[in-house]
Amino acid sequence: MTSDAKIPARGWAIVWIAWLAFMVANLSNFAFGVILPDMRNDIGFDLETAGWLSAIAWVGKGLLTIPIICFISKGKPKTVLFSIFVLLGIGMIMQGYATNVTMLFVGRLFVMGVAAGIVSVLVVFKIQWIPKEKLGSINGVEMFTGPAGQMLGTAAFPMFLAMMAGWREVMIVMGVFALILAAVWMVVAKDNSEGETKPYEQVPVLQPLKEALQYKNTWILAIAWPMTSLTWIAVYTFWPTYAVESLSLSIAEAGMVLGLLPIGSAIACLVSPVIAQKWGYDKPLIVASGVVLPVAYYSLMLTDNVLMLSAATFIAGYAAYNFVPLAFTTLYKTDMSPRAVSMGTGFIFSLVGLGGAAGGAATGWLGAQYGLETALSLTCITPGFFAVLTMFLTETGWKAEQKNKAQDNLEKEPA
């Protein structure tokens, strides 16, 4: 394709339907910390149960992402995404009508258990409909939708609650919206038979996964990334409760402060690819996130000054997503097949989900035993391991690619 190639209208429609569903899923999940006090009063459960309710969403994400993506090995990505949108809607509506903890568990499992599959399966359609030279910017916008949903789930969710009768009604409305997206998807989505990418043929179920796991960067990101999701989920779930109980902040103030986390993340998703493109290197920016995050997160336990808390939260949010579009783009910069890129993305998301589950469950247990301050402080350590592990990534920036090509040309020259 030429450099001035444009994204077709249907291509934009396909990605935006998926992005809206992903945003709503994140809104539902990350509002959990904000509505947790009301939810506990309404249904009645302790802090440790709250930790497991946080964890179940990420356990589902970790265990279900790869099986979901395996279905596209048989050439049915459209049906897979339709099923995901339907399960999102059912999960949210089930939470809205929950009368006991079991219904909350099942509803949250449905929502986040399938949400990661949206981005992973969408890879198939992006490669068909999006010109190659535009994939980097599209990935940045796609990663932006995650923190945008998180931002709505923290800073804006109290406003949603004020406009409606309570958290139940908001969940039901979001569930209905997801079902509407499912219906629209079936009308809009289709393969691009006129593009450069050929329609997908059936292949053995595990073949794309085996191909993805042949690349070192897939393994490093899959092991390192959960170190950041552990702390991210711990803070998102329990810091509002800690802020209200220990820092004497109101729930509105806690939501406002925590809302800066996804604002920083959203800005990072759009800015970091630009910086990396101008600099020519990806890995230093990825490693830097792991250096900044422990300090920024721990600062949330050191003061009750709203302005200082807001600054620390914004920095943490930026660092938490500074590496995300760059990390995922490393998979596109290989000679993997489209399905292998999709499966590699899903494999990473699976372990990220398990890291999030560990963050929720461990912080809930530690908080019940030793208090939330100790629990949250301990989780601030793990992003440092991310910095160490990502130092071993293969550099994929354009300057490194130029150096490799120059080296190859020297080696091919006759002596």
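How much space lies in the second largest cavity? The answer is about 70 Å³. The model is predicted, so local features need pLDDT of at least 70 and side-chain atom pairs count only at pLDDT 80 or more, while totals for chains, interfaces and linings use all residues. Residues are numbered from 1 along each chain as its sequence is written, and side-chain values use heavy atoms, with hydrogens and water left out.

**The cavity**

A cavity is a set of points, on a 1 Å grid over the protein atoms alone, where a 1.4 Å probe fits but cannot get out; lining residues have an atom within 4 Å of a point. Points are joined across faces, edges and corners, and a volume is the space filled by probe spheres set on them. By this rule there are 3 cavities of 30 Å³ or more.

The lining of the second largest cavity includes Asn29, Phe30, Trp58, Arg108 and Tyr236. Two or more lining residues come from each of helix H1 (9-30), helix H2 (32-43), helix H3 (47-70) and helix H10 (226-246). H10 gives the largest share, 3 residues. Helices here are DSSP runs (H or I, at least four residues), numbered from the N terminus. By class, this lining has 6 nonpolar, 4 polar and 1 charged residues. Ala, Val, Leu, Ile, Met, Phe, Trp, Tyr, Cys and Pro count as nonpolar, Asp, Glu, Lys and Arg as charged, and the others, Gly among them, as polar.

**Helix packing**

Two packed helices are described by the angle between their axes and the distance between the axes. Axes are lines fitted to C-alpha atoms over the stretch in contact, and angles run from 0 to 180 degrees between N-to-C directions.

| Helix pair | Angle | Axis distance |
|---|---|---|
| H4 (77-96) and H7 (167-188) | roughly 165° | within 7 Å |
| H1 and H7 | about 160° | 10 Å |

H4 and H7 are therefore roughly antiparallel (an angle over 145 degrees). H4 passes H7 in a left-handed crossing, where the near helix is turned anticlockwise from the far one by less than a right angle. The contact of H4 with H7 has 18 nonpolar, 4 polar and 2 charged residues. H1 and H7 are also roughly antiparallel, and the crossing of H1 and H7 is left-handed.

**A loop residue**

Ser248 lies in the loop between H10 and helix H11 (251-279). Ser248 has a positive phi of about 60°, although it is not a glycine. At 65% relative accessibility, Ser248 counts as exposed (over 50% relative accessible area, with a 1.4 Å probe and protein chains only).

Definitions and conventions: Parallel < 35°, antiparallel > 145°, perpendicular 65-115°, else oblique. 1 Å grid on protein atoms, 1.4 Å probe; cavity = no way out; pocket = protein on both sides within 12 Å on 5 of 7 lines; lining within 4 Å. Buried < 20%, exposed > 50% of the residue type's maximum accessible area, 1.4 Å probe, protein only.
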